Amino acid sequence: MEYIIAVYRSRSVSIRAYNYLLNNGVTCALVSTPRSANVGCGLSVKFDKSVFPRVRQTLANGETFVGFFVVKSTFNGNTVARI
């Protein structure tokens, strides 16, 4: 399983980004930021790779934005890489 997360330094901004995406028809979830990302406030917005181009333009200019990360689930846990 592979998905993308948008990471912020502020919990409130993460929640606002999540609500914004939901209101604009993007299927997403508010999730705990994987520890291996080593950044952010602890909450991230998770979404499918297929909507990444659309989401990138929308969220990349947000306040306290850290970056986008691809998360791959494996048998040994998650691997996280900055995009």
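Five aromatic pairs were identified in the predicted model, a pair being two rings of Phe, Tyr or Trp (its six-membered ring) with centres within 6.5 Å. Planes under 30 degrees apart count as stacked, those over 60 as edge-to-face and the rest as tilted. The model being predicted, local features require pLDDT of at least 70 and side-chain atom pairs count only at pLDDT 80 or more, whereas totals for chains, interfaces and linings use all residues. Residues are numbered from 1 along each chain as its sequence is written, and side-chain values use heavy atoms, with hydrogens and water left out.

The ring centres of Tyr8 and Phe65 lie 5.4 Å apart with the planes at 65 degrees, so this pair is edge-to-face. It connects distant parts of the chain, 57 residues apart: Tyr8 belongs to strand E1 (residues 2–8) and Phe65 to strand E4 (residues 65–74); strands (E, at least two residues) are DSSP runs numbered from the N terminus. Tyr8 is buried at 1% relative accessibility, while Phe65, at 22%, is partly exposed (buried, under 20% relative accessible area; exposed, over 50%; partly exposed, in between; 1.4 Å probe, protein chains only).

Phe47 and Phe68 also form an edge-to-face pair, with ring centres 6.2 Å apart and planes at 85 degrees. Phe47 lies in strand E3 (residues 43–47) and Phe68 in strand E4, a separation of 21 residues that again links distant parts of the chain. Phe47 is buried at 2%, and Phe68 is buried at 6% relative accessible area. Tyr8, Phe47, Phe52, Phe65 and Phe68 make up one aromatic cluster.

Note on methods. Helices (H or I, at least four residues) and strands (E, at least two) are DSSP runs, numbered from the N terminus.
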